[in-house]
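Look at the chain first, then work through the questions below. Try each one before you read on.

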Amino acid sequence: MAFPEPKPRGPELPQKRLKTLDCGQGAVRAVRFNVDGNYCLTCGSDKTLKLWNPLRGTLLRTYSGHGYEVLDAAGSFDNSSLCSGGGDKAVVLWDVASGQVVRKFRGHAGVNTVQFNEEATVILSGESEAKAGGPEVPPLPPKSDLPFLPAPPGSIDSSIRCWDCRSRRPEPVQTLDEARDGVSSVKVSDHEVLAGSVDGRVRRYDLRKGQLFSDYVGSPITCTCFSRDGQCTLVSSLDSTLRLLDKDTGELLGEYTGHKNREYKLDCCLSERDTHVVSCSEDGKVFFWDLVEGALALALPVGPGVVQSLAYHPTEPCLLTAMGGSVQCWREEAYEAEDGPG
């Protein structure tokens, strides 16, 4: 007699605080996992970029070279290079091992978002919408200093610029300038570039077909990303709503509300198995919604301030959140740390 197959385990959500990293960087503007999730980067208002082992709470290296606060960073596929951008108008390419600056690219009025292409031969950077800045620690900067709010016409170029890491040319190899306001978010797949703009549009550039697809959301976009299966895009905007769109048709597949996002540029993402939508919130929580049903699954309390940034592990139920000057590492309830609680 054949026994029935065991029922697959339901997705576990990271709701146990494992570690808190006091980053010593002023306010942490962004936290990012590397490609395999073993390390993370933190971007500081003190002009530094730091590399950590978040599960152990170990600082591995500090990268100094920016002239103003660092707003975003990304790691290459082979973990040999980093790129970062910030309020000093520079896109910086770093050597991970030595901590040295390899190249600096200039041309933006301020860099809000950076990404490598899949081979880490090109860096894509998005234009900031206004000057970056603000206090070193919470409360976060006032509205006029946030790097995503609409800027006066003509004060920015609202572009995505593509920089060749192997060339000595100082100018970008390509400029994507279709946005009518600042570019708040850029994500890259093997053949696509996904961009969210304060003009309320999410744009997808298909590099194989040479085509541009645009969907209008109607509210300034703060973050956008691909689903892990590549079939959908998730868009966060300043009307406190996240929207799941079919990537090919632009059809609205789901809306997720309950969090607060009216003033700040906040991150959103999907969980490691595409089962849940995850978002920062201005009320000190991280919200998880069931992707299919749209129901709120968890409102995770992080602290008394704004959850500025988050990053989700690529293969495990592990979440990093940034609030004020610290980063919190979260795991599922059943997880047991090797070296005890942090």
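Q: Is Ser-240 buried or exposed?
A: This is a predicted model, so the values are computed from it. Buried means under 20% relative accessible area. Ser-240 has 8%. Ser-240 is therefore buried.

Q: Where in the chain is the place of Ser-240?
A: Two strands flank this residue. One is strand E19 (232–237), and the other is strand E20 (241–246). Ser-240 sits in the loop between E19 and E20.

Q: Which backbone nitrogen does the side chain of Ser-240 reach?
A: Ser-240 touches Tyr-256, Thr-257, His-259, Lys-260, Asn-261 and Arg-262, leaving out residues up to four places away in sequence. With the side chain of Arg-262, the Ser-240 side chain makes a polar contact at 3.4 Å. The backbone nitrogen is reached at 2.9 Å, and it belongs to Asn-261.

Q: How many helices and strands are there in the chain?
A: The chain has 342 residues, and 58% of them are buried. Its secondary structure comprises zero helices and 28 strands.

Q: What share of the contacts in the chain with a separation of 6 or more comes from residues 24 or more positions apart?
A: Take the contacts with a separation of 6 or more. Then pick those between residues 24 or more positions apart. Their share is 48%.

Q: Which residue in E8 stands opposite Cys-83?
A: Strand E7 (residues 81–86) and strand E8 (residues 90–95) run antiparallel. Five bridges join E7 to E8. Opposite Cys-83 stands Leu-93.

Q: By how many degrees are neighbouring strands of the sheet E14-E15-E16-E17 turned against each other on average?
A: Four strands form this open sheet, and the pairing is antiparallel. Strand E14 (183–188) and strand E17 (211–216) each have a single partner strand, so one side of each lacks a neighbour in the sheet.

Q: What is the bridge partner of Val-193 in E16?
A: Strand E15 (residues 192–197) is joined to strand E16 (residues 201–206) by five bridges. E15 and E16 run antiparallel. The E16 partner of Val-193 is Tyr-205.

Q: Why is strand E2 largely enclosed by the rest of the structure?
A: Strand E2 covers residues 28–33. Count its buried residues. E2 is largely enclosed because the number buried is six of the six.

Q: Which residues of the largest nonpolar core touch the most other members?
A: This core has 18 residues. Strands E23, E24, E25, E26 and E27 each supply at least two of its residues. The residues touching the most other members are Val-278, Val-286, Phe-288, Leu-300, Leu-310 and Leu-319.

Q: How many residues does the other core have, the one that includes Val-31 and Cys-318?
A: This core lies apart from the largest one. Phe-33 and Cys-40 are also among its residues. Its residue count is 15.

Q: What distance separates the C-alpha atoms of Ser-326 and Val-31?
A: Ser-326 lies in strand E28 (residues 326–331). Ser-326 is buried, with a relative accessible area of 17%. Along the chain, Ser-326 and Val-31 are 295 residues apart. Their C-alpha atoms are separated by 10.0 Å.

Q: With which side chain does the side chain of Ser-326 make a polar contact?
A: Setting aside residues up to four places away in sequence, Ser-326 touches Thr-20, Leu-21, Asp-22, Cys-23, Val-28 and Thr-321. The polar contact of its side chain is at 3.0 Å. The partner is the side chain of Gln-328.

Key. Residues numbered from 1 in each chain as written. Predicted model: local features only at pLDDT ≥ 70, side-chain atom pairs only at ≥ 80, totals over all residues. Heavy atoms only, no water. Pairing = 2+ DSSP bridges. Core = buried A, V, L, I, M, F, W, Y, C linked by side-chain atoms within 4.5 Å. Buried < 20%, exposed > 50% of the residue type's maximum accessible area, 1.4 Å probe, protein only. Polar contact = N/O pair within 3.5 Å; in protein donor to acceptor, adjacent residues only side chain to side chain. Contact = heavy atoms within 4.5 Å.
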